[in-house]
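Try each task before you read its solution.

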Amino acid sequence: MMSKLLVPPRCARLGLNILGGATVIESIHRFPRASKIEDKELNDYAPFRYWVKDLVRSLNVELEVKGTPLAQGSLFLANHVSWVDTVILNHAEPLAFVSRHDVEDWPFIGTFTRRMGSVYVDRSNKFQAYRSIPKLEDKLRSGRSVIVFPESTTSDGSHLLPFYGMFVESAVRVGCQVQPIALRYFDKSGNTMREAAYAGDDSFGETLVRILSQKKVYASIEFLEPIDALNVDRKEVLRISRDRIARALSL
């Protein structure tokens, strides 16, 4: 059930959350000697983690997490539905994201992903994209977990798009574990909620209004059986990951 009457008060709450988050992030970066940010990432700070938790609530999302995530230093692969994915995934597990290059300039989400040490990739230029693989290797070797959206774009959540494996090469080179993640948005009855999707010609603002207009948006993140990248090549990692995500989502 949608009601645009819900949007103004929820926008106000979201605005206060973003203001609070900006204060936390700015304080950490403004006083580097005290915060020791050069040796840490934002996810290492309890106030930041609390802010992300409250941000999920401010976005009108009730999140359910299933399964057990791998230890830090692992590569995660998830299906991609919305810009909200980055927020709820980071709430479930501290992660660095591989994002397309224009996301860095998006309002709010750009700052959010940039401050978390995301790796931005120009997917329209295969040479530039390939050159980003060593950055992912460095993240993994430093003990940080990284998440990749192998569909390279979003769907409305009703199906999976083809998976592309360039960035999975980083896990193969490092020899780390890879864990698929099944992500979905649904209503109280369990039906897929396409209103939460950021797909096709949707704008950031249109998606936000649709999400805030719902009585409640339910989201589920399921950490699936991991894959040892030491024993299989990247194509097999992709095939297994896609099959497991499809089964988990009943697609």
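**Exercise 1: a covered helix**

Which residues of H4 are buried?

Step 1. Buried means under 20% relative accessible area, exposed over 50%, and partly exposed in between, with a 1.4 Å probe and protein chains only. Helices (H or I, at least four residues) and strands (E, at least two) are DSSP runs, numbered from the N terminus.

Step 2. The buried residues of H4 are Val84, Asp85, Thr86, Val87, Ile88, Leu89, Asn90 and Ala92.

Step 3. H4 is mostly covered, with 8 of its 9 residues buried.

A word on the source: this is a predicted model, where local features need pLDDT of at least 70, side-chain atom pairs count only at pLDDT 80 or more, and totals for chains, interfaces and linings use all residues. Residues are numbered from 1 along each chain as its sequence is written, and side-chain values use heavy atoms, with hydrogens and water left out.

**Exercise 2: the partner of H4**

Find how H3 and H4 pack, and which residues meet.

Step 1. The axes of H3 and H4 are 9 Å apart, and the packing angle is about 130°. Axes are lines fitted to C-alpha atoms, for helices over the stretch in contact, and angles run from 0 to 180 degrees between N-to-C directions.

Step 2. H3 is therefore oblique to H4. Angles under 35 degrees count as roughly parallel, over 145 as roughly antiparallel, 65 to 115 as roughly perpendicular and the rest as oblique.

Step 3. From H3, the residues Phe48, Arg49, Val52, Lys53, Leu55 and Val56 meet Val87, Ile88, Asn90 and His91 in H4. Contact means heavy atoms within 4.5 Å.

Step 4. By class, this contact of H3 with H4 divides into 6 nonpolar, 2 polar and 2 charged residues. Here Ala, Val, Leu, Ile, Met, Phe, Trp, Tyr, Cys and Pro count as nonpolar, Asp, Glu, Lys and Arg as charged, and the others, Gly among them, as polar.

**Exercise 3: helix H1 and its two neighbours**

Describe the span of H1, then its packing with H3 and with H9.

Step 1. The 24 residues of H1 reach 33 Å from first C-alpha to last, close to the 34 Å expected at 1.5 Å a residue. That expected span is 1.5 Å times one less than the number of residues.

Step 2. H1 (residues 7-30) and H3 (residues 46-58) have axes that come within 10 Å and cross at roughly 165°. The two helices, H1 and H3, are therefore roughly antiparallel to each other.

Step 3. H1 residues including Arg10, Leu14, Asn17 and Gly21 take part in a contact whose H3 side includes Phe48, Trp51 and Leu55. The contact of H1 with H3 has 8 nonpolar, 4 polar and 4 charged residues.

Step 4. With H9 (residues 204-213), H1 packs at an angle of about 110°, the axes being 9 Å apart. H1 and H9 are therefore roughly perpendicular to each other.

Step 5. Val7, Arg10, Cys11 and Leu14 in H1 meet Leu208, Val209, Leu212 and Ser213 in H9. This contact of H1 with H9 has 6 nonpolar residues, 1 polar and 1 charged.

Step 6. Among the buried residues of H1 are Val7, Arg10 and Leu14.

**Exercise 4: contacts across the sequence**

Is Ser220 buried or exposed, and which residues is Ser220 in contact with?

Step 1. Ser220 lies in strand E7 (residues 217-223) and is buried, with a relative accessible area of 6%.

Step 2. Leaving aside neighbours within four places in sequence, Ser220 is in contact with Leu63, Glu64, Lys66, Ala182, Leu183, Arg184 and Phe186.

Step 3. Ser220 and Lys66 are 154 residues apart along the chain, yet their C-alpha atoms are separated by 7.6 Å.
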